[in-house]
Amino acid sequence: MNSLISCPMENETSMWLQNLVCGHSGLLIKVKQPVFCGASPFQKVEVLDTYRFGLTLCLGGTVVLTERDYEPYNEMMVHPAMTAHPNPETVCIIGGGDGGSLREVLKYPSVKRVVVVEIDSLVKETVETYIPSFAAGFADQRAEIVINDGYEYIKDVKEGAFDVILVDSYDPGGPVRSLETADFFAKVASAAGPNGIVVLQTDSPVIRPDMIRQTIAHASAAFTHYRPYISALRSFPEGICSFVMASNGKGGIDGGVDGFDAERFKMIADTCLYYNAEVHAGAFLLPQSIRSVVSG
């Protein structure tokens, strides 16, 4: 959870964002000024302007996105799957109300339709008003915004409707707990069909190892292929974020989850500040401590 605290330093009062994890460790970020604070039926929504991380979005008391971490988070959420799929034309982003993943997906000329499913309309409205650079993709004619629970939306989607599905969830135990059920994974697998690729954000494997373990347990039941990968993330708990890529594909190494289309990457390479071919390959090479987490 986060809280704003005031600390007297050198005869002045400084405001700090205290982002604690499980009450044991965390991050202290100096705040220039609060920008927005509101509440929806689901959660508290805040935007803070900070010295080191720029504009920072907090949902339900958790830092979920900062300007400084925009590229490593969103590029790693999106591009491994988009460069692995043979021809991504239709994409669904579940929990993408901040607009970051959408902006990255829309870089690909092959994409014809992107559905963003966000349970909390205040998230989208807040980003559009206070962090418009994140929200630029909402105006794209290929984007369709659906305000709904991700499970309620995906359960009615026909089989194989999407080439890529990105489950960009914010906080385990947050307002969309239906996304943590085994049935949700089965519905996502159906919506991705036999050739689609799914990416699931699985939080910090160091702070919340049970999150990635549970996701892998569900993914192994719903998909024929899955692989965890990681990214360095400065504002994330202890500096690391994990993901699971899954597929029921029958072609390629591991059903496509090991693929990388170098020619497609060249089309977006100049827009990336974090992701590249070497980072893609290295992300799947897990430190032994994290291997033990995902295999345990």
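Y229 counts as buried, because its relative accessibility is 0%, where buried means under 20% relative accessible area, exposed over 50% and partly exposed in between, with a 1.4 Å probe and protein chains only. This is a predicted model, in which local features need pLDDT of at least 70 and side-chain atom pairs count only at pLDDT 80 or more, while totals for chains, interfaces and linings use all residues. Residues are numbered from 1 along each chain as its sequence is written, and side-chain values use heavy atoms, with hydrogens and water left out.

A search of the whole structure finds nine aromatic pairs; rings of Phe, Tyr and Trp (its six-membered ring) pair if their centres lie within 6.5 Å, and planes under 30 degrees apart count as stacked, over 60 as edge-to-face and the rest as tilted. One of these pairs is formed by Y229 and F243, which are stacked at 4.9 Å centre to centre with 15 degrees between the planes. Because Y229 lies in strand β12 (residues 225–232) and F243 in strand β13 (residues 240–247), this pair ties together parts that are 14 residues apart in sequence; helices (H or I, at least four residues) and strands (E, at least two) are DSSP runs, numbered from the N terminus. F243 is buried as well, with a relative accessible area of 0%. Y229 also pairs with F284, and since the ring centres are 5.0 Å apart and the planes stand at 40 degrees, this pair is tilted. F284 belongs to the loop between α8 (277–283) and α9 (288–295), so its pairing with Y229 in strand β12 ties together parts that are 55 residues apart in sequence. F284 is buried, with a relative accessible area of 8%, and Y73, Y229, F243 and F284 form one aromatic cluster.

The strands β12 and β13 belong to an open sheet of seven strands, in the order β9-β8-β7-β10-β11-β13-β12 and with mixed pairing; two strands pair if DSSP finds at least two bridges between them. At the edges are β9 (143–147) and β12, each of which pairs on one side only. Neighbouring strands of this sheet are turned against each other by 15 degrees on average, direction ignored, where axes are lines fitted to C-alpha atoms, for helices over the stretch in contact, and angles run from 0 to 180 degrees between N-to-C directions. Five parallel bridges join strand β8 (residues 113–118) to β9, and V114 has A143 in β9 as its bridge partner. Helix α5 (residues 182–192) lies across β7 (90–94), β10 (164–167) and β11 (197–201), and runs at about 150 degrees to β10; contact here means heavy atoms within 4.5 Å.

Elsewhere, strand β5 (residues 54–59) is largely enclosed by the rest of the structure, because six of its six residues are buried. With strand β4 (residues 44–50), β5 pairs in the antiparallel sense over six bridges, and a hairpin joins β4 to β5 through three residues. β5 also pairs with strand β6 (residues 62–66), again in the antiparallel sense, over four bridges. β5 and β6 form a hairpin with two residues between them, and G60 in the turn has a positive phi of about 55 degrees.

Turning to the cysteines, the structure holds zero disulfides, a disulfide being a pair of cysteine sulfur atoms within 2.5 Å. For C37, the nearest cysteine sulfur, that of C58, is 9.6 Å away. C37 is exposed, with a relative accessible area of 52%, whereas C92 is buried at 0% relative accessibility.
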